[in-house]
Amino acid sequence: FATTLFNKWFGVKRFKDRAYYGGHHGDSNDNSWILVRAGNLEIVMVNLEYRGVLGQDPKVLAWAKDVFDDHPDALGIVNSHHIVNANGSFSAEGKQMYDAVKTAANVQLMTSGHIKEFRARRTDEHMGRKIHSMLADYQDLIVKADDCAGGCGYMRIWRFSPMKNQLK
């Protein structure tokens, strides 16, 4: 779980002066947030570290909830390493994250990877509001026609349509 190299190359110092960088929790960039604006759409994304069997730190989860609460008009997204399992169930950490942020009125999406499946998703409802959680992980993808392995450069691209209230 050491994040020394991550913080060396992608630490607070690298992002602190960027307009979209909102901040971090603690002394490292293991838990951070950004605010992106596209037209009239604001997106606040909180990135939470992977802690596996240790589970999420309640102080970090409270901090994440506060970030969302401080940006009530922005679309809220939680991003972490392991939230959804291949069968669509929550991982233990994913359930902790969901329980911590489900009362933030703007959280609508939780995203993760970790599982060697290409995709899975779930939709939960809290007080009439839906929160979609998804898994996208291409690390074991092999495309023989393209003669590639290890993900082949695949990634998820999101298209937001506020007018249609859609995310594709």
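1. In helix α4, the residues E93, G94, M97, Y98 and V101 are buried, where buried means under 20% relative accessible area, exposed means over 50%, and partly exposed lies in between (1.4 Å probe, protein chains only). Because these residues cover an arc of only 135 degrees around the axis, they sit on the same side of α4; the arc is that of the directions from the helix axis to the C-beta atoms. Helices (H or I, at least four residues) and strands (E, at least two) are DSSP runs, numbered from the N terminus. An α-helix has 3.6 residues a turn, so residues three or four places apart point the same way.

2. A word on the model itself: this is a predicted model, in which local features need pLDDT of at least 70 and side-chain atom pairs count only at pLDDT 80 or more, while totals for chains, interfaces and linings use all residues. Residues are numbered from 1 along each chain as its sequence is written, and side-chain values use heavy atoms, with hydrogens and water left out.

3. What do the buried residues of α4 pack against? Their partners are β3, α3, β4 (75–80), β5, β6 (119–126) and β7, with contact meaning heavy atoms within 4.5 Å.

4. The largest nonpolar core has 26 residues, of which V46, L48, W63, F68 and V78 touch the most other members; such a core is a set of buried Ala, Val, Leu, Ile, Met, Phe, Trp, Tyr and Cys residues joined through side-chain atoms within 4.5 Å. Two or more residues of this core come from each of β2 (32–38), β3 (41–48), α3 (58–69), α4, β5 (107–112) and β7 (129–136), and α3 gives the most, with six residues. Apart from this core lies another, of seven residues, including M45, L75, I77 and M134.

5. F68 deserves a separate look: leaving aside residues up to four places away in sequence, F68 touches V44, V46, G76, I77, V78, V101, A104, N106 and V107.

6. A74, in the loop between α3 and β4, counts as buried because its relative accessibility is 3%. Not counting residues up to four places away in sequence, A74 touches L35, E42, I43, V44 and N106.

7. How many salt bridges does a search of the whole structure find? The search finds five, a salt bridge being a side-chain nitrogen of Lys or Arg within 4 Å of a carboxyl oxygen of Asp or Glu. One of them joins the side chains of R37 and E42 (2.8 Å, N to O); R37 is exposed, with a relative accessible area of 57%, whereas E42 counts as partly exposed at 23% relative accessibility. Another joins R122 and D124 (2.7 Å, N to O), and here D124 counts as buried at 14% relative accessibility.

8. Helix α4 (residues 92–101) also holds both D99 and K95, four residues apart, about one turn of the helix. These two form a salt bridge whose closest N and O atoms are 2.9 Å apart, and K95, D99 and K102 are linked in a network of salt bridges. D99 is partly exposed at 34% relative accessibility, and K95 is partly exposed with a relative accessible area of 38%.
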